[in-house]
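Have the sequence and the 3D view at hand as you read.

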Amino acid sequence: MNHETVTEPAPDWAGLDNDLLNTADAPRMGTDADLARFAVDGVRPERVVFPGSVPQVQRVMESASARGVAVVPAGFGAHLGLGAPPGRPFLALSLVSLNALVDHQPANMTLTAEAGACLTRLQAVVVGAGQWLPVEPPFPDRTSVGGLISADLSGPSRFSQGTVRDLLIGVTVVRADGSVAKSGGRVVKNVAGYDLGKLYCGALGTLGVIVEATFKLRTLPEARAVVRVTCGDMAGAEGLLGRIRTAPLEPSFIELVARLPAAGSGYAVVVGFAGAEEDVADQAATLSSLVGGDDRLEELSEQEGGAVVAELRDTPALGEPVLGLKVSVLPARVAAFMTALEDEGARNGSTMAVQAHAGNGIIRVRVSPPDDRDLRGWTSAAVDRMRAAATGLGGTLVVERASPDVKPVLDLWGGPPEGLELMKSIKRTLDPKGVLSSGRFIGGI
Amino acid sequence: MITERLLRALRDILGGDGVVSHATELSVYDCDGYTLEKSTPEVVVLPRSTEEVAAVLKLLKHEGVPFVPRGTGTGLSGGCLPLGAPVMVSLTRMNRILELDPANRRAVVESGVVNAWVSRAAKPHGLHYVPDPSSQMACSIGGNVAENSGGPHTLKYGVTTNHVLGVTLVLPDGEVVRLGGMTEDTPGYDLLGVTVGSEGTFGIVTEAILKLYPRPQGYKTLLAVFDSVAGGSAAVAGIVASGIVPAALEMLDRLILQAVEDAFHFGFPREAGAVLIVELDGLEAGLERAAGRIREVCESNGATEIRVARDDGERDALWKCRKRAFGALGRLAPNFCCQDGVVPPTRLPEIMERIADIGEAYDLRIGNVFHAGDGNIHPILLYDERDREQTERVVAAGREILRECVALGGSLTGEHGIGVEKVALMPLIFTPDDMSVMEQVRSVFDPEDRCNPNKIFPSAEQHVEVRSPRRQAAM
C-alpha cells in the first residue's frame, strides 16, 4: 500500500456531475471535442461546462468548491496559453453561452455585456452608433469580454486609448464560493467603493469568474491614416522615434517592427493617426518631414493600413509553436533593448520577429530557435539572458507563450514582484480553497 | 489613548517640530473641505520621508494605535476626518518633485506635492499633468491618489487612476512596498489600481510615479449662454452624442454665475439661467470645424449667446472663475455643502429638475457648478451652521439628491469619495456581498483596521456612531 501524504482531498467528480446534471436547470456539458479545445498547454480538462446564466455559474462554483474540483474559467479558449498550466485536474468553465449584450447606451458612451460575448460581435453592434470599444486583442473573433479582461489583452492603439484597465468601469464576478459580487457601475465617472475591476484585469481568472462587465466607449474617428517608414537599421529607427516623440503629433499608435537578424527589410516604424480629417492629413504631412534621407516612407491605403493593423494585432498566430515574450521597458529604452536583442540573436542563432508598442515601451518578441537540439536548455538560457537585458534596463520580461514541453522549465514571470505577499494574501482571502485557476499565475498563485 | 511615552517616541523619530500636540494647533486639523462634521486628532505628525512614515507606522503598530493620513485637507467627503484614529499623519512636508523624465513623460513626486506644481515643473518641457481638480492650487498628489480625483479636463483624458503608474505605499505595519513602477504592465495583480481611490484605507502613499502628456497644440474655449438649466443640460447631451469629446464640458447655473460674477467680474451674463464652458483641445487643424459643430449643437438647443475666448488670457480668466467658484460662495451663505453625484449624461435634465424640487421641499438654496460631460453633478447646498435645524435639512436633502442619482442609473460619488459623508448610502448601490469582497481586500492591506478606520463601509457605523452634524462650531 502506498503511504504518500495526501495534501488535499481528491476531487469528487461524480459528486460534481450529480450536482450539475440532476437539476431542473442544468448547464450544458461539453463534448470530447470541447475537451480538446479547452486544453491548457496540452492538458485536457476533465469536464467542460457551458453555463448559460449567472445562477448556473454560481451552481458550478458552489459545487466545485464543495467537491474539491479545480476550475479554469475560459471564454473561447483562444488565450489559455498565457500563464502556467494548472497543477491538477480541472474543469473548464466556458462563459461563451453567457453572451448577451446587456445594455448599449450610445448617448452615454457605455456598453454592458455578459462575459462570454464575442468582441467582434460587440464591435459590430456599437459601430452602428459610430462607436468602438478601443481595444485590439489578437483574434477578436475568438476573444470574449471575460477573456479580454482576464488576459489583459491590448494592441497598438493602447498608446492613445489605454488598456482594458482604463476602459472597464464596472464588473460582476461569481466568487469561488458561488456568491456574486460587483464593483463599479455603469457611469463613466465613479469612485464609490474600491475599484476591484483593476484586480481582475490580467488576473487569469484567479480571483473570480467574470460574468458581466461595463466599458467606456469611444467615438470612431472620422479619418485614419497609417504610415510605414522603413529604416535601414535600428539607429535610423531610433532617431525617427525620437523625432516623432517631440513633434506636434498625436499618433493613435507607434509601432516598431523588425525581423532579426535584420536582413534587407531592416526596421519599420508604423504610425497610425486617427481623428478629424484635417488633423490626420496634417499629421501625415508632418511625419513625412521627419523622415531621414535613407528611410523609405509609404502612406498606406485604407485597405493596406487595415491589413497591417490586423497583422500587428494578431501576431503571434494562435497555435504557432514559438516562444512568445513580452518585455516592458521605458519608451526611451526600446532601442537599447533592441540592440541587446540583436546581440542575443547573433549569439544564439535564432530568428526573431519583434514588434514594439514603441510609445509604451512594450516589446513583443517571437523567437524561433535554430534547431530542436536540447530545446529546453536552449530556451531556458535564452530567456534568462533576454530577461537580464530587460531588467538591466529597469524593465520586466514575461513569457507569454511557449511550447508545452518547454514551458515547465521556464520562469514565466521573472523574480518575485514587489507586493507578492499582498498578492498571495488577496488570492488566499478571495479564494481560500484555491479553486480558481490555481497555480496559473505569478508566484504560484 | 495618546500617552506621554508615545509622544516622546514620536518626537524621537520626527524631532520636536514634527509632532503637533497643542490643542489650539490641532484645531486646524478638525475637518477637511467637508465641514458638516468635525473631529480633532490627539496628535498630528509631520514626517519628511518614507523612512520616517515607516518608522511612525511601525511604532503605531507596536502600540496598537489607529491613524489617519492627511494631505492638504481639501477633500470633500471627510476622508481624512479622524474617527477613532487619534494620530493624524500629515504629508505636507513631503513636498519634493523627485524626478522629471521628459523623454519618457514621467514625474516622480512625493505625496505632499501640490497638484499644480507638477504641471508647472513640466511646462518647460512642453508637458503637463492632466488631472486638474478645482482645488489644484492647494490639493496634494497623495490626496488625489487616495480619492482618485477628477477635474474638468478628465472628461477627455481620464481621472487620476489613468495617470498614475506607481506608488510607494507604507503599509499599516510599517512595511514599504512599491506598486506599479516606471514601466507599464508590471507583472502580477494590479495592486496599484485598487490602491488608487482606496481613500487612504490601505496605508500611506508617500511617493507617486505620474504620467505626463504633451500640452495640447491649441485650445478652443467657448462659453454658451442658456435661459435655463434644462436648455444647458439638453445641449450637454447633444454634445456628448455628437461624437466630439471636448477636453472639458462644464455647467454653472444662475445662482453660481451671479456669485462668481460678483466676486471676479468676468463678464458673465447675470440674468442667464445657465452657462456651459466647452473646451476643445488638440491639434490646431481640426479645432475650428469642431468648434463650429459645438456651436451648432448649442444653438439648436436654445443657446442665446456664444462667446469664444480670444486668447490664452481670456481662457485662463474663464478657468480661474470656474475653479474658484467655491471661493465665491462665501458671498451667499456662511457655509456650503458640495455634493458629488453621478448620472448618465442623458439624465442630466431630469436630475436638475429633481434637485430644484428637493431644494424647494427642504427650503434650501442649491446652486450647481459641475462636470456636465461625464454626468458628474455638484449641487451646492447653502446653509448657516449656526442654524442646527437648517443644517440637518442640508444633510437630508443631500442624501435625497444622491438617492435620485442612483435611481437614474448613476452613482454616489464621481470624484470626492465616500469618506464619512456617504457611508450610510453605500447599500443603495452595493449588496452586502459586494461590500464584503471590498472589506476582505481591505483586510489584506490593513488586517487590524487601524488605517483610516470607520470610512467607506457602513459596517464602520457600528463602531463609531456617525451622526450628522457630528459637532457644531461655536454658536
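## Around Leu402(B)

Leaving aside neighbours within four places in sequence, Leu402(B) is in contact with Gln339(B), Asp340(B), Gly341(B), Leu412(B), Lys422(B) and Leu425(B). Contact here means heavy atoms within 4.5 Å. Leu402(B) lies in helix α14 of chain B, and is buried, with a relative accessible area of 0%. (Buried means under 20% relative accessible area, exposed over 50% and partly exposed in between, using a 1.4 Å probe and protein chains only.) Val343(B) sits 59 residues away along the chain, yet its C-alpha is separated from that of Leu402(B) by 9.6 Å.

A quick word on what you're looking at: this is a predicted model, where local features need pLDDT of at least 70, side-chain atom pairs count only at pLDDT 80 or more, and totals for chains, interfaces and linings use all residues. Residues are numbered from 1 along each chain as its sequence is written, chains are lettered from A and ligands numbered from 1 in the order in which they are written, and side-chain values use heavy atoms, with hydrogens and water left out.

## Two helices in chain B

Helix α13 (residues 348-361) of chain B packs with helix α14 (residues 388-407) of chain B at an angle of about 155°, and their axes are 10 Å apart. Helices (H or I, at least four residues) and strands (E, at least two) are DSSP runs, numbered from the N terminus. Axes are lines fitted to C-alpha atoms, for helices over the stretch in contact, and angles run from 0 to 180 degrees between N-to-C directions.

That makes α13(B) and α14(B) roughly antiparallel to each other. (Angles under 35 degrees count as roughly parallel, over 145 as roughly antiparallel, 65 to 115 as roughly perpendicular and the rest as oblique.) On the α13(B) side, Ile351(B), Arg354(B), Ile355(B) and Ile358(B) meet Ala397(B), Glu400(B), Ile401(B), Glu404(B) and Cys405(B) of α14(B). By class, this contact of α13(B) with α14(B) has six nonpolar, no polar and three charged residues. Ala, Val, Leu, Ile, Met, Phe, Trp, Tyr, Cys and Pro count as nonpolar, Asp, Glu, Lys and Arg as charged, and the others, Gly among them, as polar.

## A pair in chain A

Over in chain A, helix α1 (residues 13-21) and helix α3 (residues 54-67) pack at an angle of about 160°, with axes 9 Å apart. So α1(A) and α3(A) are roughly antiparallel to each other too. From α1(A), the contact uses Gly15(A), Leu16(A), Asp19(A) and Leu20(A); from α3(A), it uses Arg59(A), Val60(A), Ser63(A), Ala64(A) and Arg67(A). Sorted by class, the contact of α1(A) with α3(A) has four nonpolar, two polar and three charged residues.

## What covers α15(B)?

Helix α15 (residues 432-445) of chain B has buried residues including Met435(B), Met438(B), Val441(B) and Phe445(B). What covers the buried residues of α15(B)? The cover includes β9 (180-184), α8 (197-200) and α14 (420-430) of chain A, together with β8 (164-170) and α7 (191-195) of chain B.

In the segment after α15 of chain B you'll find Asn454(B), which is buried, with a relative accessible area of 8%.

## Helix α13 of chain A

The buried residues of α13(A) include Trp378(A), Val383(A), Met386(A) and Arg387(A). Among the elements covering the buried residues of α13(A) are β16 (323-328) and α12 (334-348) of chain A. Just after α13(A), Gly394(A) takes a positive phi of about 85°.
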